[in-house]
Amino acid sequence: MANETMKLSQETAPACKIEHHAMMFAFLAKHAIERCGERGKTAILEGMTVYGNERGARMAANALARGDELTTMTNQAYGEWKQDYDGQMEFGQLRTEPTFQTYIAKCAWCDAWKKHNITEYGKYYCVNVDNAVYQGFRSDFVCTPTATSLSWGGERCEFDWGHPLSPEEVTALAEKKRELGTSCMKDFDFHTAHLKYTLGRVLTEKLADEGEEIVRMAVKDFERTFGEKCLHALEGVDISEF
């Protein structure tokens, strides 16, 4: 029985982690920029805005479904991912008033791009994704970077979320995170499939046949790097949830 349980666990465990998500983006960006230059870069950045908006809208739907208002506090509470293991990321709060500000001092995405020597392309992930997610959550919100990001050579990423968190909201945020646990989080099979799907759609819309070829080449690189199992895991994700 123990062996059967272990086998079932291995079969159902997500195949992808943050590294896979980071590299799916980097491969798409690499081929878009190498093949189409500035047109490819523009299409990738537009795709990331769409992708971020979709993530934020999903977070907002989760909050509203549970009777929570869309605030900066609930935006922080309804995050959809967690690090693969403790210590993989280093992040925290800089201040809560007069506006909420946060930092990232160690980033698993940056580590993945550095490992595979592809930061030159991976860094475009960081241009607008945080703001895009925030605006997808609520369209009048703006997240402003206040320092050069890690992937672009900075010492740490810093963000201003435009609104304060009162002492009561700080307490409520911790309580809400404990209450939610991982109930609104998605694994990285889902996140990587979502990234591939949305960026692939936008690249094809913006670059037509060239966009289709870019996606094909990126997927080939992904499979060559991580193997068939990871690629098949993406194909099993329900795209209706995107």
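Guide: Two strands count as paired if DSSP finds at least two bridges between them. Strands (E, at least two residues) and helices (H or I, at least four) are DSSP runs, numbered from the N terminus. The model is predicted, so local features need pLDDT of at least 70 and side-chain atom pairs count only at pLDDT 80 or more, while totals for chains, interfaces and linings use all residues. Residues are numbered from 1 along each chain as its sequence is written, and side-chain values use heavy atoms, leaving out hydrogens and water.

Visitor: In what order do the four strands form the open sheet?

Guide: The order is β1-β2-β4-β3, with antiparallel pairing. β1 (90–95) and β3 (144–145) are at the edges with a single partner strand each, so one side of each lacks a neighbour in the sheet.

Visitor: Which residue in β4 is the bridge partner of Tyr103?

Guide: Tyr103 pairs with Glu158; four bridges join β2 (residues 101–106) to β4. Two bridges join β3 to β4 (residues 157–160), where Thr144 has Asp160 as its partner and Pro145 stands opposite Phe159.

Visitor: Which way do the residues of β4 point?

Guide: In a regular strand the side chains alternate between the two faces of the sheet. Here Cys157 and Phe159 point one way, Glu158 and Asp160 the other, and all are buried (under 20% relative accessible area; exposed is over 50%, partly exposed in between; 1.4 Å probe, protein chains only).

Visitor: With which residues is Phe25 in contact, leaving aside its neighbours within four places in sequence?

Guide: Contact means heavy atoms within 4.5 Å. The partners of Phe25 are Ile44, Met48, Tyr121, Gly122, Tyr124, Tyr125, Leu195 and Leu199.
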